[in-house]
Amino acid sequence: MVSICFRFDDASAKSDHKLEHKVFDVFARLDVPLCVAVIPFAGASKPVPLSPQNAPHLFDAASAGAIEIALHGHSHRHRGNDARGRRTEFSGLHPAEQTRLIREGMHHLSSAFNHRIKGFVPPWNTYDARTTQALAEAGFEFLSAGFDVLRYGRLPVVVPITCTLRTARIAIPKACCFEWLAPVVVVVFHTDDFIEHRYPPRHDESWPAMSLAELEALLRWIKTKPGLRIEALSHIAIGSANGSNLRSSSELTLPYRVKVLIPPMLVRSAGWRTLPGILWGMVRSRSAFDAESEAEPKAGTKPKPVVLGAHDGKHF
């Protein structure tokens, strides 16, 4: 079974509420779980605390059980760069300051939503050992960030992303070839991934990945495929904490030339099944590639017309 999780970042008092509400509606109508990473204090200069008054759609969706809430940093403020030069709000910050920011954000969201916040998503997906230590001491159950996995302190679970909304249609079929590894695909997206976003992309930004209609088509496509299951991010974290052994490909104790054969996904199979699962996945991947090649029309022949439903032919 292949598990798929969706993580929606950057909701706040100042975000695109109209579009967020429409996204929540798509997931709710199709009964698909969604983790929303929420910024508790929006804005760097004069932070605006999140409240039911300035973001009612978030509280309505959370109270209805349509979404789960994760803490997305403190104010999404660019406080420096990490060791790789990437923007960060936490990496490199003094431990006491990291603890203060995390606890202040956690207490605000817990009070606002009237329940404990279990997950943490660092802005720009960057963090360090002190961040995980502060999260463990604050009682968080899991962290979800970028492709890198840093395990420090007593934080039990790290659930990194594996693909974006743009590449989901490519990543999911690849993961299906490696079903023996019990893979997990974590899809992350933002409001500016949609053409309905209120601001057009800047000249140095890529065009939106899809429309709301295409999002709905993607979710329906997943729900109709045998062997695929959409799960809440927190459920994957709980399963991992209970012994499902969630690992990225970089953590597998295998030769590098073998590990690179695994597509972007998380692995849950037992250690003794990992290598057979990879080998079987290689065979299935090759078979799928050959089938696609045979299906391509020969040169000089006219291909048969194909009717596509809701942009099924587009790669995301």
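A residue counts as buried when its relative accessible area is under 20%. By that rule, strand E2 (residues 35-38) is covered on both faces, with Cys35 and Ala37 buried on one side and Val36 and Val38 buried on the other. The model is predicted. Its protein chain has 9 helices and 15 strands, and of its 316 residues 48% count as buried. Among contacts in the protein chain between residues at least 6 apart in sequence, 67% join residues at least 24 apart.

**Strand E2 and its neighbours**

- Strand E1 (residues 2-11) pairs with E2 in the parallel sense, over 4 bridges.
- Within this pairing, arginine 7 has cysteine 35 of E2 as its bridge partner.

**Helices H3 and H4**

- Helix H3 (residues 95-113) and helix H4 (residues 129-138) have axes that come within 9 Å and cross at roughly 45°.
- H3 and H4 are therefore oblique to each other.
- Their crossing is right-handed.
- On the H3 side, the contact is made by Pro95, Gln98, Thr99, Ile102, Arg103 and Met106.
- On the H4 side, Arg130, Thr131, Ala134, Leu135, Glu137 and Ala138 make the contact.

**Helices H1 and H6**

- The crossing in which H1 passes H6 is right-handed.
- H1 brings Leu19, Lys22, Val23, Val26, Phe27 and Arg29 to this meeting.
- H6 brings Leu212, Leu215, Glu216, Leu219 and Arg220.

**Leucine 212**

- Leucine 212 is placed in helix H6.
- Leucine 212 counts as buried because its relative accessibility is 12%.
- Leaving aside residues up to four places away in sequence, leucine 212 touches Leu19, Lys22, Val23, Phe194 and Glu196.
- Leucine 212 and lysine 22 are 190 residues apart along the chain, yet their C-alpha atoms are separated by 7.9 Å.

**Serine 248**

- Serine 248 is part of strand E14 (residues 247-248).
- With a relative accessibility of 8%, serine 248 counts as buried.
- Apart from residues up to four places away in sequence, serine 248 touches Val149, Met265 and Leu266.
- From serine 248 to valine 158 the C-alpha distance is 9.9 Å, while the two residues are 90 residues apart in sequence.

Terms used: Residues are numbered from 1 along each chain as its sequence is written. This is a predicted model: local features need pLDDT of at least 70, side-chain atom pairs count only at pLDDT 80 or more; totals for chains, interfaces and linings use all residues. Side-chain values use heavy atoms; hydrogens and water are left out. Buried means under 20% relative accessible area, exposed over 50%, partly exposed in between (1.4 Å probe, protein chains only). Helices (H or I, at least four residues) and strands (E, at least two) are DSSP runs, numbered from the N terminus. Two strands pair if DSSP finds at least two bridges between them. Axes are lines fitted to C-alpha atoms, for helices over the stretch in contact, and angles run from 0 to 180 degrees between N-to-C directions. Angles under 35 degrees count as roughly parallel, over 145 as roughly antiparallel, 65 to 115 as roughly perpendicular and the rest as oblique. A crossing is left-handed if the near helix is turned anticlockwise from the far one by less than a right angle, and right-handed if clockwise. Contact means heavy atoms within 4.5 Å.
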